[in-house]
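Here is a short report on a two-chain model.

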Amino acid sequence: MRRVLAPLAIVAVAALLAFTPMHADAQAAPDISITHTPPSAVTPDHQIYLTAVLANATSGSVTWRNGTMAADGVVPMTNLSRPDGTGWVFATYLPAQTSPTQITYAINASNADGSRIESYFLSVDVASGSGLTASDQETWALTLGASISMAASTIAVLYWYTGRRLRREGR
Amino acid sequence: MCTGFLLLAGTAVAVKVVSDWWLRNLRSRSRRLDQWALAASRFAEPASYFALIAGVIATFLSMVTGSMAWPLEDLAQSETVHNKILLTATSQTLFIGAVVLRARYRFEIWMTRGTGAFYALLVLTGDALMVLQNSVAGHLAGKGSLMDDFLHTLNIDTHPMWFFPPWASLFIIVAFPLAAAFIGLSLRAAQKKIGRPAAAA
């Protein structure tokens, strides 16, 4: 009898737990969301303009750091009063970087009930003109061939060495 | 998935190396640790082989899906993508080599210190290149990488395209296979020299 009742009790408890939160969910505050794409083609000596769509947030800020900084910098985001989907567009500027570097940054969106943080990354680099030339591609292809040649030659030597060593040991 | 399998392979190889080192050098110091080392050694080796094979297969699948996720023009023009392809191709070659070695010499590859150490070095070098490749992938996805600070300290920038000067590449392409062939023939000759007196006797 117990064998039959125990699974029934588990199913009943699971059903209760499944239905109970429905009411609580209806009252929960909507989640904060952050929609952002890191800017591309950021060059030195120009301020970096960041925009993000923050939904259900009343304020935003950006914590950032480049490759040489010892501590994070923080800049507030401004609400541009421009709706986008379910949120509002927020924007800020990061200071111009004097030389190529990599910047890690986090957008922090908050409201009275809590906050949400998402991390991003961007590169500050000199413009490479029209991209890679045919000569660059050839140089890279040779490098690829050289790397594979090195790896394959090393493996071949290891193969022969292992064979000889194991034979010498009588394995 | 490919990263997970290949990292498992590297971890299992590291466990095997440590447990073999314990059993060779510190055996009988602690009975419990001896038992752990024996058990780890027994299970880590087949686990690493399985994970290597699964990781190599998964990496080929990942290469196909990765190349389809980007437009061809972007792939051809991005310097960072070139770095990722370079690292992936090199690490995959090392892992395939490790699978070939393990398939040919089986468990016996661990029977001498030298062969086991070189095999472990091969797998762990492949893992190191793969971790670097994953860091590059993080930059491509615009999320950065947990290794950024570490790479900065080593002055490694994953964004500009990495390349050897063309003359160096051509030299490596020719010289390395020639050197490998020379070493292979030398080892063969040495083997014959050892084998001859035994055959005569």
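Two residues are in contact if their C-beta atoms, placed from the backbone, lie within 7 Å. By that test, 42 residues of chain B are in contact with 40 residues of chain A. The model is predicted: local features need pLDDT of at least 70, side-chain atom pairs count only at pLDDT 80 or more, and totals for chains, interfaces and linings use all residues. Residues are numbered from 1 along each chain as its sequence is written, while chains are lettered from A and ligands numbered from 1 in the order in which they are written.

Helices are DSSP runs (H or I, at least four residues), numbered from the N terminus. On the side of chain B that touches chain A, α7(B) gives the largest share, 13 residues. Ala, Val, Leu, Ile, Met, Phe, Trp, Tyr, Cys and Pro count as nonpolar, Asp, Glu, Lys and Arg as charged, and the others, Gly among them, as polar.

| Contact of α4(B) with α5(B) | 15 residues | 10 residues | 1 residue |

The axes of α4(B) and α5(B), lines fitted to C-alpha atoms over the stretch in contact, come within 8 Å and cross at roughly 155°. The two helices are therefore roughly antiparallel (over 145 degrees).

B:V123 is in contact with B:A9, B:G10, B:V13 and B:A98, leaving aside its neighbours within four places in sequence.

Definitions and conventions:
Axes are lines fitted to C-alpha atoms, for helices over the stretch in contact, and angles run from 0 to 180 degrees between N-to-C directions. Angles under 35 degrees count as roughly parallel, over 145 as roughly antiparallel, 65 to 115 as roughly perpendicular and the rest as oblique.
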